[in-house]
Amino acid sequence: MNALYGILHEYHERAKGLSHKGKIILISTIFLGIGQGIIGLLLNLFLYQQGFTQVFIGIVTFLNAFSSTLFAVPIAYAGRKFSYSRGLALAFLLLGLGNLLMVLLPSSAIILLLSFIGGIFLSWVAIAFAPLMTSF
């Protein structure tokens with residue numbers, strides 16, 4: 001328990017040195033990770049309860065990871081021409097909207113499309129965080 005306390009204390013001390021915007025980005029990273037983990041679990045359970053097969057749920061998960069990987073390099077090049085912070089806020093908004101639409105419109109075609117598009121936005125989030133954290 002003391003080791004965990006020591007790690008958390010050191011993390012807190014280092015985070016004190018960040019600017020206000022840096023702290024917001026750091027906190028949003030934590031919430032994004034927790035939120036995506038919860039959404040991933042609950043969405044899978046929801047899809048299974050709606051009668052979708054485990055194979056379909058696996059394809060949904062695969063499409064998300066595949067599109068994130070596929071678009072990482074193009075988004076990294078395109079990201080230099082746009083504002084990282086505005087793009088990050090837009091990506092967060094569209095990720096949330098896409099997850100909400102998957103639940104509200106549980107059609108297989110819509111779910112597959114939104115999963116693919118969501119991976120693109122997750123790629124943008126991953127790419128935008130590094131330059132933003134180094135600038136604060």
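Student: Hi! Is F66 buried, exposed or partly exposed?
Tutor: F66 counts as partly exposed, because its relative accessibility is 38% and that class lies between 20% and 50%. Keep in mind that this is a predicted model.

Student: Where do F62 and F66 lie?
Tutor: Both lie in helix α3. They are four residues apart, which is about one turn of the helix.

Student: How many aromatic pairs are there in the whole structure?
Tutor: A search of it finds three. One of them is F52 with F56, a stacked pair with 4.7 Å centre to centre and 20° between the planes.

Student: Are F52 and F56 buried or exposed?
Tutor: Both are buried.

Student: Back to F62 and F66, why is that pair stacked?
Tutor: The planes of their rings are at 20°, so the pair is stacked; planes under 30 degrees apart count that way. The ring centres are 5.4 Å apart.

Student: New topic: how do α2 and α3 pack?
Tutor: Helix α2 covers residues 20–49 and helix α3 covers residues 54–70. They pack at an angle of about 145°, and their axes are 10 Å apart.

Student: Is the crossing of α2 and α3 left-handed or right-handed?
Tutor: The crossing is right-handed.

Student: Which residues meet there?
Tutor: From α2 come N44, L47 and Y48, and these meet Q54, I57, V60 and T61 in α3. Sorted by type, the residues of this contact are four nonpolar, three polar and no charged.

Technical notes: Residues are numbered from 1 along each chain as its sequence is written. This is a predicted model: local features need pLDDT of at least 70, side-chain atom pairs count only at pLDDT 80 or more; totals for chains, interfaces and linings use all residues. Side-chain values use heavy atoms; hydrogens and water are left out. Axes are lines fitted to C-alpha atoms, for helices over the stretch in contact, and angles run from 0 to 180 degrees between N-to-C directions. Helices (H or I, at least four residues) and strands (E, at least two) are DSSP runs, numbered from the N terminus. A crossing is left-handed if the near helix is turned anticlockwise from the far one by less than a right angle, and right-handed if clockwise. Contact means heavy atoms within 4.5 Å. Ala, Val, Leu, Ile, Met, Phe, Trp, Tyr, Cys and Pro count as nonpolar, Asp, Glu, Lys and Arg as charged, and the others, Gly among them, as polar. Rings of Phe, Tyr and Trp (its six-membered ring) pair if their centres lie within 6.5 Å; planes under 30 degrees apart count as stacked, over 60 as edge-to-face and the rest as tilted. Buried means under 20% relative accessible area, exposed over 50%, partly exposed in between (1.4 Å probe, protein chains only).
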